[in-house]
Amino acid sequence: MFTLAEVASLNDIQPTYRILKPWWDVFMDYLAVVMLMVAIFAGTMQLTKDQVVCLPVLQSTVNSKAQPGASGKADFTTVETTTGQGEEASMRTVSSTPTVTPDVPLSRATSSQYQPTESGQELKKEQRDSLGRKTNLDFQQYVFINQMCYHLALPWYSKYFPYLVLIHTIILIVSSNFWFKYPKTCSKIEHFVSILGKCFESPWTTKALSETACEDSEENKQRLTGAQSLPKYVSTSSDEGSPSASTPMITKSGFKFSADKPMIEVPSVTILDKKDGEQAKALFEKVRKFRAHVEDSDLIYKLYVGQTVIKTVKFIFILCYTANFVNTISFEHICNPKVEHLIGYTQFECTHNMAYMLKKLLISYISLICVYGFICLYTLFWLFRIPLKEYSFEKVREESSFSDIPDVKNDFAFLLHMVDQYDQLYSKRFGVFLSEVSENKLREISLNHEWTFEKLRQHVSRNAQDKQELHLFMLSGVPDAVFDLTDLDVLKLELIPEAKIPAKISQMTNLQELHLCHCPAKVEQTAFSFLRDHLRCLHVKFTDVAEIPAWVYLLKNLRELYLIGNLNSENNKMIGLESLRELRHLKILHVKSNLTKIPPNITDVAPHLTKLVIHNDGTKLVVLNSLKKMTNVAELELQNCELERIPHAIFSLSNLQELDLKSNSIRTIEEIISFQHLKRLTCLKLWHNKIVNIPSSVTHIKNLESLYLSNNKLESLPAAVFSLQKLRCLDVSYNSIALIPVEIGLLQNLQHFHITGNKVDILPKQLFKCVKLRTLSLGQNCITSIPDKVGQLLQLTHLELKGNCLDRLPATLGQCQLLRKSGLVVEDHLFDALPSEVKEVLNQDTSIPFANGI
């Protein structure tokens, strides 16, 4: 048993694909239905009324017509018949004295009947012929001969015409719908119809086309607004005036949209809610994937052409053989069955009851087939007249503002051609979802609905510099409400491919720092003017140098520029750093890349640079001569540049105050004596290298205040280091130093001493003469005891002892007035072993500020 739902689903198939059926397919379907009805009607008539009626042709009649009788007496023909055994119907022998059998019907056309009379009187020949003659056949014999002659005398086409029409019609119906059922095409067609229906009914389609109607032409505007003609306003830059309140919304210029122009909606267009926006986004993705899947083949087109050719060949075949059998259908037939031993007659005349009706039905069928065939020929003409494997949205582009709708090919193009035969409005509405401009506009609207001012305000935070910061990550664009946060100091845009900065940014008067991380932002003219005058710090992170916006090099009031990305020697020419000449107030340039040499163009901004940072990814920096021109540089960092020695060009930087050569391959620093000419050098960072020893010439750097030598291969500290009387910070952590020289007591200004991760086992008492120590890092060594003199370090705020061989801590730690438990890094059991009064002192809260750095 079939359920009602199952039967209903079969009825839904045809309406689903109706948009892919052009007028000829629909017309051929109706013709097929009519032909099917012809077959059913003919078959029904044949089953109920199809009969052949036969009467025997009497031999005497034939002879009498051939040889007229000379005598006036009638000839009685004696017919001898052999009766079969067990047969109820037998032929009776006609004797000279015939028996009257009133049950036998009279023949009117085939023989003359003799009426015997008691006097034996002869009737006239004319009367004999008109009245006919008895055949003396039984009813069953008539039935038998009718059936015999139906198969022998009747033409085969008269018998099988309804079945042939039925078979041909079914073949034609299958040929017309095979491309809907073939698995390789059915899935694509079903997917296409589903997407097309959703695109047609999507609220976003209506909204986009309605806005397009406002943007089209003066004629379209007149149609929407009545007789009043509205001036066309195209937003090209933010310098242009704002449109009036009655001006239709036009926010597009190429691929850019002006965010400072008011968005005027057509009254009949509803604003998309969040659900509609999400559905439209999903449709854009589905259309993109479907296009990529379907455009790579033309199977649907070939299958449709193939089935059309089959229908045409079928039409020609039916027409050719049917025309030959039209005249074979007749009412009268002569039958000569070889059953004389049963019936006694050799020839019969038969009439076919359905002959007239079948002939009319056949003529109707031929007429339908001819019409069907002409439509097939027209279909072939349409298939090969134009290139159906290419589809252009040129008309749609002309009628709308979406000028970027691409042309499509292969099966995708063919399906759209088929849809055009149904209604061209489908293609127009479908084209909206092929446009990147339309997609970007949808993203913009959806983004503004989702990221309201209140939501953005919740994401504003305070950074380490106590500035208000907003970080937007992986959005489809920049929400308009961002530019209403007028008190924002830092704006970070990360992985936003369609970021646009409108003129509304000019109301963010506090904005001084902007981050563009893989975000090639486009800026309107008014917005650029604001950034040029107000922006102080810019961070740009990119994959390819071409992603750096061109307007970056024109920010004349920029103070800090951070470039992070690929800037190898091959595309240094593309970087456009020659335009850095416009950055007249640039003080800090930070480049994190893979340079092999310092670009000469950087020297164009050298006179006003005070800090240059180059972080390489391990690529060797070999050319450094251009550094000599940077006479005003106070801070220089060359990190991870595979340097093996201290570059000589550095010794020409007379204003250099801080040098950082972290993470290089420096083994020897004999050139350190040349630093005596750098009178302002106060900080030297040579950490994370391969330095084995420190030359005694380090004593010539009289003004050195900070020396970082951690993560090297030092085994000892020379006495020359402790002659640097201004030294306030010494970091020799993570080396192989086994002994702290007693000369360390000479560093009376030492405030930070780091020797973590070495092999020190004894602490000299002279160390505790450095009473200005604030930070003392002694962790991960071999120290067995801490002298009681540690209590002399009254300014100590941080003491690291964890990772040594200590069994107790001195009670004098309680004398370190600024030391607290949070600043004491030691094992828990050692802390617990301290006297309770010491622990109370260390656990006390203090509001006295202190610094761990310089």
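**View 1. Glu-671 and its contacts.** Leaving aside neighbours within four places in sequence, Glu-671 is in contact with Arg-645, Ile-646, His-648 and Phe-651 (contact means heavy atoms within 4.5 Å). This is a predicted model, in which local features need pLDDT of at least 70, side-chain atom pairs count only at pLDDT 80 or more, and totals for chains, interfaces and linings use all residues. Residues are numbered from 1 along each chain as its sequence is written, and side-chain values use heavy atoms, with hydrogens and water left out. Glu-671 sits in the loop between β19 (658–660) and β20 (683–685); strands are DSSP runs of E, at least two residues, and helices are runs of H or I, at least four, numbered from the N terminus. Its relative accessibility is 7%, so Glu-671 counts as buried (buried is under 20% relative accessible area, exposed over 50%, partly exposed in between, with a 1.4 Å probe and protein chains only).

**View 2. The disulfide of Cys-54 and Cys-350.** Here Cys-54 is joined to Cys-350, S to S 2.0 Å (a disulfide is a pair of cysteine sulfur atoms within 2.5 Å). Cys-54 belongs to strand β1 (residues 52–56) and Cys-350 to strand β5 (residues 348–352), so the pair ties together parts 296 residues apart in sequence. Both cysteines are buried.

**View 3. The disulfide of Cys-149 and Cys-335.** These two are linked with S to S 2.2 Å. Cys-149 comes from helix α6 (residues 139–152) and Cys-335 from strand β4 (residues 332–335), 186 residues apart. The torsion about the S-S bond is about -90 degrees, so this disulfide is left-handed.
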